[in-house]
Structures are given as C-alpha cells and as structure tokens.
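Thank you all for coming. Please take a moment to look over the sequence and the structure before I start talking through them.

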Amino acid sequence: MKTIKRIVEPIMFQLQDSWIEFGYAVNENRKKTLIRIVIVAVLMGGLTVVMLTASPIIRTEQVDQLIINDLPTKQIIPFSYNQGDQEIKNKKAISVMFTKPNGEQYQAAMTLLSEKEEELNRKFYYYPIIYDADELKKKYNVSPEKVTFIFFQNGVEKNRFTFDSLEDVEEDLIPELNRLPMFNIQAEKEAS
C-alpha cells in the first residue's frame, strides 16, 4: 500500500503543479488562450463534420466501383448507394432486382441476363443489398441470399418473383422479367 502511495503522490503533485501553471498562463494571456480555444473548437467541429459525411461518400464509391462497373448488361440500371428507396417512390412504374452482389444465385442470374440480354424487352433497376440488409429485409421482404425481382407502381409493390421460384430458370427468367410489370393480367388469371 505504501509503495503505491509513494508512486501516486509525486504524480498527483506534478499534475497539480501543471494545472496551477496552466491557470497562471491562461490568466496572463487571456486573449491568446481564447483564440486557441476557438481554433481548437472549430477544428474539432470540422473534423466531426468530415467524419459524418465521409462514411456515406466512401460507401457510395465502394458500391460504384465494386458493383456498378461489373454489371453484365446495359439493361440493368444500378442504383447508387442510398438512392433506391427514393427512386422506387418517385417512379410511376419500376422493376427492381434485389440481391447481394455475390453468391450462386447472383452469379447464375447475371450469367443468364448477359447471355439473353437481347430478349429483354425493358430495362430494370438493380438494388444491391450490402450495408442495410436487415432494413431492406424488413422494408421490402427480401432475403439478401435470394435474387428477388419486384415491380412497383407509384411506390407500391404490385408483383414479384424470386430466381429460385422458377421451375426452369434458363427458359423462364427472361419471360418472367418481361411479364413482371403485367401484374393486372396475372391477377385476372388467378381470379378466373
């Protein structure tokens, strides 16, 4: 106990002396001290703002570089990071593919889309599931592991199918994508 006291006491005295000297320095140069405090506060505020804005910018660049540049066909229009929800709400009619940018289903879907791109009669959007997987899962009822195609009209889901729900993927994918916006016809068939 005495050993700890012998070690701690000189440190405490040194800290007290430093604090007192700091007080004297502040009193002697109040104007300089105030200027220094303002400069430090401005720098800290600036660094905070930079850190808060840098994360979304970095994520946007990552998505653009890693995903958007690797799409196999011009028929797929990628959403930039954090743009998807707003685009879905704003567009009168929009078809969207939700999936994470890797995995077996993703690779198989992209290969088929690349091979049969000329059979597609319209473009559709790609919403990569990367950072906000849980939020997107709740909001759109999509699994990041599955490739899910959804048609929205005025921001409301009207039709959907998943890649793994197709019986013969190679034969059915493109026709199903082409029919996705025709939700009225499908609803009439089911009612009959």
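Predicted model: local features only at pLDDT ≥ 70, side-chain atom pairs only at ≥ 80, totals over all residues.

**Salt bridges, sheet and overall form**

Residues are numbered from 1 along each chain as its sequence is written, and side-chain values use heavy atoms, with hydrogens and water left out.

Back to Arg-179, whose side chain meets that of Glu-176 in a salt bridge at 2.6 Å, N to O, a salt bridge being a side-chain nitrogen of Lys or Arg within 4 Å of a carboxyl oxygen of Asp or Glu. Both Arg-179 and Glu-176 belong to helix α6, three residues apart, which is about one turn of the helix; helices here are DSSP runs of H or I with at least four residues, strands are runs of E with at least two, and both are numbered from the N terminus. Glu-176, at 24% relative accessibility, is also partly exposed.

How many salt bridges does the structure hold? There are six, and one of them joins Asp-85 to Lys-139, with the closest N and O atoms 3.5 Å apart. This pair links distant parts of the chain, since Asp-85 sits in helix α3 (residues 84-90) and Lys-139 in helix α5 (residues 133-140), 54 residues apart. Asp-85 is buried, with a relative accessible area of 18%, whereas Lys-139 is partly exposed at 43%.

Another salt bridge runs between Lys-146 and Asp-164, whose closest N and O atoms are 3.7 Å apart. Lys-146 lies in the loop between α5 and β4 (148-153), and Asp-164 in the loop between β5 and α6 (169-179), so this pair ties together parts that are 18 residues apart in sequence.

Now to the sheet. It is an open sheet of five strands in the order β1-β3-β2-β4-β5, with mixed pairing, and two strands are said to pair if DSSP finds at least two bridges between them. At the edges are β1 (76-78) and β5 (156-162), each of which pairs on one side only. Between β1 and β3 (residues 124-128) the pairing is parallel, over three bridges, and Pro-78 stands opposite Tyr-126 in β3.

Which residues does Glu-119 touch, leaving aside its neighbours within four places in sequence? They are Ile-174 and Asn-178, where contact means heavy atoms within 4.5 Å. Glu-119 and Ile-174 are 55 residues apart in sequence, yet their C-alpha atoms are 6.9 Å apart in space.

Finally, the chain as a whole, which has seven helices and five strands. Its radius of gyration is 29 Å, well over the 16 Å that the globule rule gives for 192 residues, so the chain is more spread out than a compact globule; the radius is taken over C-alpha atoms, and the rule is 2.2 Å times the number of residues to the power 0.38. Along its principal axes, the C-alpha trace spans about 90 × 45 × 35 Å, and buried residues make up 29% of the 192 residues.

Definitions and conventions. Buried < 20%, exposed > 50% of the residue type's maximum accessible area, 1.4 Å probe, protein only.
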